[in-house]
Amino acid sequence: MIDLYYWPTPNGWKISIALEEMELAYKTISVNIGRGEQFEPGFLAISPNNRMPAIVDHEPAGGGEPISVFESGAILIYLAEKTGRFLPTETRGRVEVLQWLMWQMGGLGPMLGQNHHFRIYAPEKIEYGIKRYTDETNRLYGVMNKRLADREYLAGEYSIADMACWPWVVPHRNQGQDLDDFPHVKRWHEAMKARPGVQRGFDVLSEIRRHKMDDQSKAVLFGQTARS
Ligand SMILES: N[C@@H](CCC(=O)N[C@@H](CS)C(=O)NCC(=O)O)C(=O)O
């Protein structure tokens with residue numbers, strides 16, 4: 001059994017989707033990041049960066065003590081290696097997946113996170129920040145669109161790279177993007193959305209998605225320093 005430390009956000013969905021697609025048994029443990037549960041000592045012992053998602057695998061390959069993993073990219077690789085699914089073992093196929101996974105972790109995720117911050121959450125409308133991250137989002141969607149022009153999925157075959165990227169494309173309207181400008185992304189987005197495993201993963205704790213972020217959550221999430 002795997003414990004999934006989770007809240008329904010794009011980074012959380014990556015892992016609920018992967019667990020569903022890989023047909024692994026898991027227990028969801030909610031981490032209410034708007035109420036500061038990511039700072040509880042028990043959680044920090046698993047995820048020292050005070051971010052979800054994280055997992056604890058109580059039945060790791062080879063047996064022994066449970067293994068905990070934080071950082072969604074590392075978790076996806078861990079789960080893919082555990083199940084032998086969605087990450088090829090041969091060099092060429094593997095590097096295709098890993099480079100698009102790293103592109104998500106280093107680019108798409110952080111930049112779109114800033115896009116959400118400046119467009120939706122920032123208390124002041126700072127035009128420079130809004131334009132910078134809306135433009136960068138647009139550039140990244142363009143890169144994905146080009147990549148998907150001649151292949152069904154980002155690495156050719158369906159993989160953990162798609163599971164990492166798709167959750168960030170879900171809120172494209174809030175990011176100031178029109179999928180009609182990116183027809184290959186649009187086709188891929190629809191194909192992903194139609195997958196039963198993706199739907200089940202996206203539905204985990206979906207009732208919480210309907211709540212708008214309140215002021216208490218903003219104070220917890222946006223005022224952090226090393227002393228938090
Ligand atoms: N690079 C991390 C990012 C995770 C992340 O930013 N998680 C957010 C929610 S999407 C979080 O837990 N935030 C809590 C906080 O800011 O204290 C990953 O991919 O796992």
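The questions and answers below go through a predicted model of one protein.

User: How many helices and strands does the protein have, and in what pattern do they follow along the sequence?
Analyst: The protein has 9 helices and 4 strands. Read along the sequence, the pattern is β-α-β-α-β-β-α-α-α-α-α-α-α.

User: What is the radius of gyration of the protein, and what does the globule rule give for 228 residues?
Analyst: The globule rule gives 17 Å for 228 residues, and the radius of gyration is close to that, so the protein is as compact as a globular protein of that length. The C-alpha atoms fill a box of roughly 55 × 45 × 30 Å along the principal axes. The radius of gyration itself is 18 Å.

User: What share of the residues counts as buried?
Analyst: A residue is called buried when its relative accessible area is under 20%. The accessible surface of the protein comes to about 11700 Å², and 51% of that surface belongs to carbon and sulfur atoms. Of the 228 residues, the buried share is 47%.

User: Of the contacts with a separation of 6 or more, what percentage comes from residues 24 or more positions apart?
Analyst: A contact here means heavy atoms within 4.5 Å. Among contacts in the protein with a separation of 6 or more, residues 24 or more positions apart account for 66%.

User: How far apart do the centres of the positive and negative side chains lie?
Analyst: The protein has 27 positive side chains and 29 negative ones.

User: In which sense do S1 and strand S2 pair, parallel or antiparallel, and which residue of S2 stands opposite Ile-2?
Analyst: Strand S2 spans residues 26-30, and S1 and S2 are joined over 5 bridges in the parallel sense. Within this pair, the residue of S2 opposite Ile-2 is Tyr-26.

User: Where does Pro-53 lie, and is the peptide bond from Met-52 to Pro-53 cis or trans?
Analyst: Pro-53 is in the loop between helix H2 (41-46) and strand S3 (54-57). Omega of the bond from Met-52 to Pro-53 is near 5 degrees, and the bond is cis.

User: Is Asn-50 buried or exposed?
Analyst: Asn-50 lies in the loop between H2 and S3. Its phi is near 45 degrees, a positive value in a residue other than glycine. The cut-off for buried is under 20%. At 15% relative accessibility, Asn-50 is therefore buried.

User: What is the phi of Glu-71, and how much relative accessibility does Glu-71 have?
Analyst: Glu-71 is in the loop between strand S4 (67-70) and helix H3 (72-83). Although Glu-71 is not a glycine, its phi is positive, at about 75 degrees. Glu-71 counts as partly exposed, with a relative accessibility of 35%.

User: Which residues does Gly-201 touch, not counting residues up to four places away in sequence?
Analyst: Gly-201 is in helix H8 (residues 196-202). It is buried, with a relative accessible area of 0%. Gly-201 and Val-31 are 170 residues apart in sequence, and their C-alpha atoms are 16 Å apart. The residues that Gly-201 touches are Tyr-6, Trp-13, Ser-16, Ile-17 and Glu-20.

User: How far apart in space are Asp-214 and Gly-34, C-alpha to C-alpha?
Analyst: Asp-214 is placed in the loop between H8 and helix H9 (215-222). Its relative accessible area is 30%, and Asp-214 is partly exposed. Asp-214 and Gly-34 are 180 residues apart in sequence, and in space the C-alpha distance is 8.2 Å.

User: With which residues is Ala-18 in contact, leaving aside its neighbours within four places in sequence?
Analyst: Ala-18 is found in helix H1 (residues 10-21). At 0% relative accessibility, Ala-18 is buried. The contacts of Ala-18 are Leu-76, Leu-79 and Met-163.

Definitions and conventions:
Residues numbered from 1 in each chain as written. Predicted model: local features only at pLDDT ≥ 70, side-chain atom pairs only at ≥ 80, totals over all residues. Heavy atoms only, no water. Helix = DSSP H or I, 4+ residues; strand = E, 2+ residues; numbered from the N terminus. Rg over C-alpha atoms; globule rule 2.2 N^0.38 Å. Buried < 20%, exposed > 50% of the residue type's maximum accessible area, 1.4 Å probe, protein only. Areas by Shrake-Rupley, 256 points an atom, 1.4 Å probe, with all protein chains shown as cover. Lys, Arg positive; Asp, Glu negative; His and termini not counted. Charge placed at Lys NZ, Arg CZ, Asp CG, Glu CD. Pairing = 2+ DSSP bridges.
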